[in-house]
Amino acid sequence: MASFLRHYGSLIGMAAIVVFFWIALPDTFMTLRNWLNISQQLSMLIVVAVTMTVVMVMGDFDLSVGAMASLSGVVAAVLFAQGLPVPVALAVALAVGLLGGIANGVLVSLIGILPFVATLATMTMFSGAAFLVSGGKTIFGRDIPQEFADFARSGLPLGTWGGNLVVLPALTLVAAVVTLLVWIVLEHTIYGRRLYAIGGNADAARLAGVKVAQLRLSAFAFTGMGAALAGIMYASRVASANPVQGDGLMLTAIAAVFLGMTATRDGQPNVLATVAGVVTLGVMDNGLTQLQVDSYVRQVLVGAIILLAVSISALGRRAIRLR
Amino acid sequence: MTGITRRSFWRIAGLTLATAVAIVGSAAFAEGEKIAVITPYLSQPGTQFYVEAFQARAKELGWEVNIIDTAGDVAAVISRMEDVSAQGVNAIVLNVDPAQVGAGLDAAVAANIPVFGMDAGADPRIKANITSNGYAMAAETSVYVANRIGGAGAVVMFVFDAFPPVQVRGAVADAVFKNHPDITVLDRVTPDVSDGGIADSRAKMEAILAANPEPGSIKAVWAAWDQPALGALQAIEAAGRQGEGIVITGIDANPQARDAIAADGNFEASVAQDFQGIGSTTADTVARVLGGETLKANVIYVPTKLITSSNAKD
């Protein structure tokens, strides 16, 4: 019973949430259109959470991702406003993410600052930089090229369903590609297995010949790039950029990774589990909104579900230990 | 699993489930028209006023209103618009610039759900935006200034042309002052607003006062919103020139401005938006459209009120 709960409790819980909404909202929840909507709504969070998983498998985390998402969004928008071509502006914004990620990596792995402190400091710096670059203003309207705004509304036509054209949203596709890439890197490369080894026991990994410092540094680069990409996706979705719009992504992404960890066999972060965590949080938002639950009550419920999942996982682990 | 852990597990699970079911159950099976009000700005005072007035009117109409606050997250506004479109509400009321939530408007249009703006901005996909008339508000204060100084003298203007709703106010004041041949605009200042607008306006006004030391060389300060008016007031008082009769006006009549106006000093007038009126008029407009009426105008203005020392404390 204990090991069953330990291994499948969270997955059953996640499924139960979906079934609950399916029953409560028989006509509008379990529809292809709604799920495509959810996938699009979650695409930015998925990119942040999945790349966050890369540092979390080493036992580190990155508090600066939300501020980086805001920064990359305003960098791209300011360059648009200067009249630069869209690909150039996006490349610069991604480069900002890469550099920010490398900076985090240097602070954590070479200088040896705790990730919490290092990324808290860079979070403040990135956020300040976002205000500096944008002058504190929201950049929108004519400054945002139509082709960039249109990207978030475009997609891959899948065919017609009940007379309506069904489109796989472009943002969903981006999130799927990032998830696939990170999954391959973490699960199917030596590089990825070494990151897990660092997370298991950094000293043992070092003694076994793993270049811990370089690997930790490079992992933060992933997270920075992911955050920057998510910031660009956000800016495209709202066809505007302001210096705080990505900030909320950070805590939700960390929550999603933790929620996902409760669903894995060994309690370690895992890309697909992270996606399951993100989807659970997104389904709660979508379903509770459709059920007209007050938005503040919704926040309380989402927190309670996270606690419940983590409690089941912790109780299961303790029960196994006691046996 | 041991007995204790199993019991505590079921207790946690049971409690959470019971709470969820109770909350969800009370909301899910209500009757009446379903209206979703979506805003990222519920914590701001003005927004609270019109949301409360909207709810009060909606209650009279027997509607089921779902207030959704995304706490500053504009992308979440789009997401929630998609959710309530899938749910099939009867109408959506928005309180955010439509230019930022185009994808959400597309979802509502596709689901055939009318969208209304509550001080939101105009968009072809919005049935009507209910707001205050910025042109009229600026006309009220600029004409007040022109009349108070007898149509003659130097006026300092505080404007902010980068933000469209405020640009409109400056354009109207320009026209009013231009129409008086003896009024000269001494300076047209755009303050730095990153600190809220008061401090930098004060610094700018101090510089202007220093450059124009003779009493009577500045007759009035017209500000496109209250913060620069408050900054100018501070500068004038700090320079000890409050006795020169420099007339200051603002727009919005925020609490700080009302206090200054009530004190009967240089800050003489501002214009108050009727937030409650915007809320209840939005509800009435939704009712008209749900009742089958087609609206001719897609912007509906709610009258504003000039605030002077006689009514600043009302």
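Q: Which way do strands β2 and β3 of chain A run, and how many bridges join them?
A: In this predicted model, β2 (residues 155–161) and β3 (residues 164–169) of chain A run antiparallel and are joined by six bridges.

Q: What sits opposite Trp161(A)?
A: Asn164(A), in β3(A).

Q: How many residues lie between β2(A) and β3(A)?
A: Two; the strands form a hairpin. In the turn, Gly162(A) has a positive phi of about 60°.

Q: Staying in chain A, at what angle do α2 and α7 cross?
A: Roughly 30°, with the axes of α2 (residues 32–56) and α7 (residues 170–188) coming within 8 Å. Angles under 35 degrees count as roughly parallel, so α2(A) is roughly parallel to α7(A).

Q: Left-handed or right-handed?
A: The crossing of α2(A) and α7(A) is left-handed.

Q: Which residues make that contact?
A: From α2(A), the list includes Leu36(A), Ile46(A), Val47(A), Val50(A) and Val54(A), along with Ser39(A), Gln40(A) and Ser43(A). From α7(A), Leu171(A), Ala175(A), Val178(A), Val182(A) and Leu186(A) are among them, as are Thr172(A) and Thr179(A).

Q: And how do they divide into nonpolar, polar and charged?
A: The contact of α2(A) with α7(A) has ten nonpolar residues, seven polar and no charged.

Q: Switching to chain B. How is it divided into domains?
A: Domain 1 covers 31–132 + 276–302, and domain 2 covers 134–272.

Q: What distance separates their centres?
A: The centres of domain 1 and domain 2 of chain B, taken over C-alpha atoms, are 34 Å apart.

Q: What is the strand order in the six-stranded sheet of chain B?
A: β7-β6-β8-β9-β10-β12, in an open sheet with mixed pairing. The edge strands are β7 (182–189) and β12 (305–307) of chain B, and each of these pairs on one side only. On average, neighbouring strands in the sheet are turned by 20° against each other, direction ignored.

Q: Which helix packs on that sheet, and what does it touch?
A: Helix α7 (residues 198–211) of chain B, which touches β6 (152–158), β7 and β8 (220–223) of that chain. The direction of α7(B) makes about 150° with that of β6(B).

Q: Back to the strands: in which sense do β9(B) and β10(B) pair?
A: Parallel, over two bridges; β9 is residues 247–249 and β10 is residues 267–272 of chain B. Ile248(B) stands opposite Phe267(B) in β10(B).

Q: How do α7(B) and α8(B) cross?
A: Their axes come within 7 Å and cross at roughly 45°, α8 being residues 226–238 of chain B. The two helices are therefore oblique to each other, and the crossing is right-handed.

Q: What residues are in that contact?
A: On α7(B), Ile198(B), Met205(B), Glu206(B) and Leu209(B) are among them, and on α8(B) they include Pro228(B), Leu230(B), Ala232(B) and Ile236(B). The contact of α7(B) with α8(B) divides into nine nonpolar, four polar and two charged residues.

Q: One more pair: how do α5(B) and α6(B) cross?
A: At roughly 40°, with the axes of α5 (residues 134–148) and α6 (residues 164–178) of chain B within 8 Å. That crossing is right-handed.

Q: Which residues meet there?
A: Among them, Tyr135(B), Met137(B), Ser142(B) and Val143(B) of α5(B) meet residues of α6(B) including Val168(B), Arg169(B), Val172(B) and Phe177(B). The contact of α5(B) with α6(B) divides into eleven nonpolar, two polar and one charged.

How values were computed. Residues numbered from 1 in each chain as written. Chains lettered and ligands numbered in written order. Predicted model: local features only at pLDDT ≥ 70, side-chain atom pairs only at ≥ 80, totals over all residues. Heavy atoms only, no water. Axes fitted to C-alpha atoms, helices over the stretch in contact; angles between N-to-C directions. Helix = DSSP H or I, 4+ residues; strand = E, 2+ residues; numbered from the N terminus. Parallel < 35°, antiparallel > 145°, perpendicular 65-115°, else oblique. Left-handed = near helix turned anticlockwise from the far one by under 90°. Contact = heavy atoms within 4.5 Å. Nonpolar A, V, L, I, M, F, W, Y, C, P; charged D, E, K, R; others polar. Domains from an automatic or database assignment. Pairing = 2+ DSSP bridges.
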